[in-house]
Amino acid sequence: MVEFRGRRPGSGDGEEAVFSLEEDTGEQARLELPPFRVRRYRRLPGRHPVMVQEAVGPEAERRMRRHFELFGSLADFHGPHLPRQLAHVLAYDDSERPHRMLLDCRGVPLSGFETPDVLHGPRLRGVVQDLFEAVAGLHEPRLVHGRISPEHLWWDEAEGLQLAGLDGAVYATEPLPDRPATEWDAPGFRPGLPASADQDVLSAALVAFWMATGETLPRGSSREHLHAVLDQGHEEWLQELLRAAFPLGSAVSPPARELVRRLVDGAAPNGLFERPLAEQAKRRETLAREEFRALRARQRTGAGSLRANGYAPPAVQPPGWWRRMGRRLRIVTDQPLPALGPVECPMCLRALNWDTAERVVLDASGGMLPEADLPTHSDAERDAQLARTYVVCPGNDDVPQHELPYRYPLFGTEPVRIGLVGASSTGKSHLLAAMIDQARKSTVMARYGLRVEALDPQRYHLYLNEVVAPFIDGRQELVATADRPELRYSTGLVVTDEHSGRSHSVVFFDVAGGRLERPGRESDFLNRLSALLCVVDPTRVHGLTSQGGTTGRDPAFEHVRQRLRQQQANPALPFLPVPCALVVTKSDLLRFRGYREIDGWLHEKPDAEADLSTVERESEDVYAFLGARGGGDWLQLAGECQGSTLHLASATGTGPRAQTDQAAARRFDEALFRQHRVLRPLLALLAMKGVMTGPAADALLLGRGPST
């Protein structure tokens, strides 16, 4: 036991007091918070946690004395009603060095949090209320803190939030102290300005925004920018609070006490945080997890992994292997192209004789020239021309004539046809553009032994220029995919796996949601899709992001399911012989809403593609999330496929902002725009189709991760 002797805060010099303390030996019992040292104790009797702050050097002593004097003023003003949200000074000892101060303060400083996620859920609103209660308690005797930030805030799970650091406080109208501006300062802050309560309110509001989002706004951000950020979706009470603190058209914020009243009397927290509904959601989540595990056990019966019967490609030598090797060794100078026979068109399903079908070459202006009119004189010239050569497919009455790259079937493996499934405006085009951009620019594909190149170089670059570049580089919202008679796959890749030595053509169909719902021949391409990329827009599921949202099945999901069941179902097998990756896109809208099933994935570090062994765990969490939160109808298609994985992803990280020019395309906020977790669904499909092999694919398919 140790004793602390010092003066109590209050009028005059303060009375002497003695406190019996027991040193705390637990975690973080000693903290270095320059220019102070902090030691934790327990106050006897009762073992109440307290802190002793020691000053390191003359400047720290001056600040400590200032803190003690100002807190004495607060104690005189409030008397027995001194807010608990202010860290109470119990005594001050300057009789010897180091000068020390005893604080009734507990918990951990928020400045030590890598992320404020621990504050989320039902407690977040109470923590924010504590913050504004502390600010209101300062303002009533006309004190202005002047520099509220996480380093001045302490949080304890049982006791809530406390504000400390009064050494920088001043009285209203006194000049603010000389110090550098930070991201926590109100817009327009500069040293020497007269202190006002507004500055604390705005500073506390910026801290509250960080508590809710884990992000800070650029220093000096305008009120308009904050309102645009809030439009991306957060709890309604938080939006109301921050809109009130940063009113548009006014430079004056309401008093902190008014904001406390808003927090107490305003919109109730999201119903998911209320105990009865939370308990119901927990029971539904448990049932959904049991359902997922039963589904996975059925999918794996007789297969041993997600590589299911019917779509793992055979390990065969590509017909063109001898020709490629001969060209590499320069021992075959002008061999004829290999005979391929009939090839099914992925767009209209017509069988084309690849050896005799009409071939054309795409010129620089996009025109088609008959291949026979363009003779070649060397292997190199012919190889270059083949990259621009197309086979003409006449189509049918519902699908006009179109062309296929000559290379489409040349790799000796079954081409992979991936269809994006989802209603209009669910984010399919944004997700695909983000995938293609990440696949070509990031090192993730190479990390897993995959090499990616364009199947159709000229049209691939057209896709990059017309879709990817405006979206990724220009942060421009893509227009809804037009529902037109022409049917083309959106883009195509050649994916080569270094583990198997095989290459596959991979084509992506991103068509208008309305076309996916029609039964005519124009949608026959659905019958022969070999993999599904299903997109769930959380704003369409009632209650996930607001009290709006639709209910019932996505008609595109249902129609694709019926098509595949009619054309590919095998009575001897319980599942459709296609893999499915279901993606909850726009997942940035789900952050900070207390969804404990998925919160860990939403706040994952940027390199989320690094460990594919976690896909199985993510799939169970997403299945449980949708099953428990009203999205069960979106799970039916994934549950009918032989292999399925479920993912959270965001192609944009934020929603688009309206432009001053109403005719201009909307753009995404530069500070918030990012792609998150978009490659995991693609890698899962490639693994399930056998395009990607090796240890990473095995880990993904077998779910071998840290938790399994």
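This is a predicted model: local features need pLDDT of at least 70, side-chain atom pairs count only at pLDDT 80 or more; totals for chains, interfaces and linings use all residues.
Strand E19 spans residues 416-421 and is mostly covered, with six of its six residues buried. Val416, Ile418 and Leu420 point one way from the strand, while Arg417, Gly419 and Val421 point the other way. Residues on both sides of E19 are buried. In a regular strand, side chains alternate between the two faces of the sheet.

E19 is paired with two strands. Four bridges join E19 to strand E22 (residues 503-509), and the two run parallel. Within E22, Phe508 is the bridge partner of Ile418. E19 is also joined to E23 by four bridges, again in parallel. Here Val421 stands opposite Cys534 of E23.

## Cysteines

How many disulfides does the structure hold? The count is zero. Cys393 is in no disulfide, and the nearest cysteine sulfur to its own belongs to Cys348, 3.4 Å away. Cys393 is buried, at a relative accessible area of 0%.

## Buried residues in loops

Ser523 sits in the loop that runs between helix H13 (513-516) and strand E23 (531-536). Is Ser523 buried or exposed? Ser523 is buried, and its relative accessible area is 0%. Beyond its neighbours within four places in sequence, Ser523 is in contact with Arg515, Arg518 and Arg563.

Leu166 belongs to the loop between strand E11 (160-163) and strand E12 (170-171). Leu166 counts as buried because its relative accessibility is 3%, against a cut-off of under 20%. Leu166 and Arg63 are 103 residues apart along the chain, and their C-alpha atoms are separated by 8.6 Å. Not counting residues up to four places away in sequence, Leu166 touches His67, Leu70, Phe71, Leu74, Leu138 and His145.

Ser587 is found in the loop between strand E24 (576-584) and helix H15 (599-602). With a relative accessibility of 2%, Ser587 counts as buried. Once neighbours within four places in sequence are left aside, the contacts of Ser587 are Leu602, Leu648, Ala649 and Ser650.

## The largest pocket

The largest pocket has a volume of about 1,000 Å³. Its lining is made up of 36 residues. Those that lie nearest the centre of the pocket are Tyr463, Val467, Arg484, Tyr489 and Ser490.

Which element gives the most to the lining of the largest pocket? That element is H12, with eight residues. By residue class, the lining of the largest pocket divides into 16 nonpolar, eight polar and 12 charged.

## Cavities

The structure holds seven cavities of 30 Å³ or more. The largest cavity has a volume of about 70 Å³. It is lined by 12 residues, and Pro187, Leu206, Leu217, Pro218 and Ser221 are the closest to its centre. The lining of the largest cavity comprises six nonpolar, three polar and three charged residues.

The second largest cavity holds about 60 Å³ of space. Its lining consists of Gly146, Arg147, Arg179, Trp184, Asp185, Ala186, Phe189, Gln199, Asp200 and Ser203. The residues lining the second largest cavity divide into three nonpolar, three polar and four charged.

Notes
Residues are numbered from 1 along each chain as its sequence is written. Side-chain values use heavy atoms; hydrogens and water are left out. Buried means under 20% relative accessible area, exposed over 50%, partly exposed in between (1.4 Å probe, protein chains only). Contact means heavy atoms within 4.5 Å. On a 1 Å grid over the protein atoms alone, a cavity is a set of points where a 1.4 Å probe fits but cannot get out, and a pocket is an open set with protein on both sides within 12 Å along at least five of seven lines; lining residues have an atom within 4 Å of a point. Grid points are joined across faces, edges and corners, and a volume is the space filled by probe spheres set on the points. Ala, Val, Leu, Ile, Met, Phe, Trp, Tyr, Cys and Pro count as nonpolar, Asp, Glu, Lys and Arg as charged, and the others, Gly among them, as polar. Two strands pair if DSSP finds at least two bridges between them. A disulfide is a pair of cysteine sulfur atoms within 2.5 Å.
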